[in-house]
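Hi there,

Here is the structure I promised to pass on. Have a look at it first, and my notes follow below.

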Amino acid sequence: MADAEQIVITLSGPELETIRELVADGAVHSVTDFVQRAVEALVSDVEAGGEMSADVLETGEISDELAKALDEITTLFQRNRG
């Protein structure tokens, strides 16, 4: 990411612990890698007219449909662990 800027974000303890477990298991390279992938996925969805992401950005709440999609992503990460 040649044009990347460094920023500071705040995550809850449980969120960060989950990400660190994914790093430890080799599912992602680093916390930064995970956050970059998550942001890229959200931005790509919004740019493609994704209603799920737009709803989250607007309301701050996760819909059942987005929760299901996130569960699917988690399953993919877990498959990559082993």
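A question to begin with: does R37 count as buried, partly exposed or exposed, and at what relative accessibility? Keep in mind that this is a predicted model. R37 has a relative accessibility of 37%, so it counts as partly exposed, because that class lies between the 20% and 50% cut-offs.

R37 also has a partner: it makes a salt bridge with D33, with 3.4 Å between the closest N and O atoms. A search of the whole structure turns up 1 salt bridge. Both R37 and D33 sit in helix 2, 4 residues apart, which is about one turn of the helix. D33 counts as buried, because its relative accessibility is 14%.

Now for the overall layout. The chain has 4 helices and 0 strands, giving the pattern α-α-α-α along the sequence. Just after helix 1, G26 adopts a positive phi of about 85°.

The largest nonpolar core is made of 6 residues: I19, L22, A27, V28, F34 and V35. Helix 1 and helix 2 (31-47) are the elements that contribute two or more residues to this core.

As for the chain as a whole, 13% of its 82 residues count as buried. Of the contacts between residues at least 6 apart in sequence, 31% link residues at least 24 apart.

Best wishes

Technical notes
Residues numbered from 1 in each chain as written. Predicted model: local features only at pLDDT ≥ 70, side-chain atom pairs only at ≥ 80, totals over all residues. Heavy atoms only, no water. Core = buried A, V, L, I, M, F, W, Y, C linked by side-chain atoms within 4.5 Å. Buried < 20%, exposed > 50% of the residue type's maximum accessible area, 1.4 Å probe, protein only. Contact = heavy atoms within 4.5 Å. Salt bridge = Lys/Arg side-chain N within 4 Å of Asp/Glu carboxyl O.
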